[in-house]
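Open the model in your viewer and keep the selection tool ready. We will go stop by stop: select, look, move on.

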Amino acid sequence: AAGSIAYAGPFTSTFRQEMLDEWVRTCAEYDIPADKAFSLERVLGDPPEIREWNIQGLPADPLSVENAIIVTRGRRWPLMIDPQTQANRWIRAKEKANRVQVIKL
């Protein structure tokens, strides 16, 4: 899970899965226990929280949910390339109670 948070963020879902498969193969090669059916949503996701994100406008597809987990669980500021403005709308709704302010540069 930590590797996914730290390294998987900028990649597509296909490449993320390939990277995860490689990690699992490498773990097996060195006799390190690893879950072959690893899912970031299953390990770090909280179903009520994810449902709340969906209500706030986050699309329910697995990539969006993984991205939201990375954004909310990561320690670094995320850079969101968001041509469809889905992440922008979700962050605004999610952080409305915290009086988030959006600036455009």
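Select arginine 42. Arginine 42 is partly exposed, with a relative accessible area of 49%; partly exposed is the range between buried (under 20%) and exposed (over 50%), using a 1.4 Å probe and protein chains only. Arginine 42 and aspartate 35 form a salt bridge, with the closest N and O atoms 2.3 Å apart. A salt bridge here is a side-chain nitrogen of Lys or Arg within 4 Å of a carboxyl oxygen of Asp or Glu. Aspartate 35 is partly exposed too, at 38%.

A word on ground rules. This is a predicted model, in which local features need pLDDT of at least 70 and side-chain atom pairs count only at pLDDT 80 or more, while totals for chains, interfaces and linings use all residues. Residues are numbered from 1 along each chain as its sequence is written, and side-chain values use heavy atoms, with hydrogens and water left out.

Colour by pLDDT, the predictor's confidence in each residue, from 0 to 100. The protein averages 89, and 100% of the residues score at least 70. Confidence is lowest in helix 1 (residues 2–8), with a mean of 81, and highest in helix 4, at 96. Helices are DSSP runs of H or I with at least four residues, numbered from the N terminus. Where pLDDT is low, the predicted coordinates should not be read in detail.

Back to salt bridges: the count is five. Select glutamate 66 and arginine 16. Their closest N and O atoms are 2.9 Å apart, and they form a salt bridge. This pair links distant parts of the chain: glutamate 66 sits in helix 5 and arginine 16 in helix 2, 50 residues apart. Is arginine 16 buried or exposed? Arginine 16 is buried, because its relative accessible area is 6%. Glutamate 66 is partly exposed, at 23%. Show what surrounds arginine 16. Leaving out residues up to four places away in sequence, arginine 16 touches several residues, including Ala8, Phe11, Leu63 and Ile70; contact means heavy atoms within 4.5 Å.

Lysine 94 is partly exposed at 24%, and glutamate 95 is partly exposed at 22%.

Turn to the rings. How many aromatic pairs does a search of the whole structure find? It finds two. Select phenylalanine 11 and phenylalanine 15. Their ring centres are 4.7 Å apart and their planes are at 50°, so this pair is tilted. Rings of Phe, Tyr and Trp (its six-membered ring) pair if their centres lie within 6.5 Å; planes under 30 degrees apart are stacked, over 60 edge-to-face, and the rest tilted. Phenylalanine 11 is partly exposed at 35%, and phenylalanine 15 is partly exposed at 37%.

Now select tryptophan 53 and tryptophan 90. This pair is edge-to-face, at 5.7 Å centre to centre and 75° between the planes. Tryptophan 53 lies in helix 4 and tryptophan 90 in helix 6 (residues 86–94), 37 residues apart. Both are buried.

Last stop: the largest nonpolar core, with twelve residues, among them Trp53, Trp90, Phe38 and Leu58. Such a core is a set of buried Ala, Val, Leu, Ile, Met, Phe, Trp, Tyr and Cys residues joined through side-chain atoms within 4.5 Å. Helix 4 (47–55) and helix 5 each give two or more residues to this core. The largest share, four residues, comes from helix 5.
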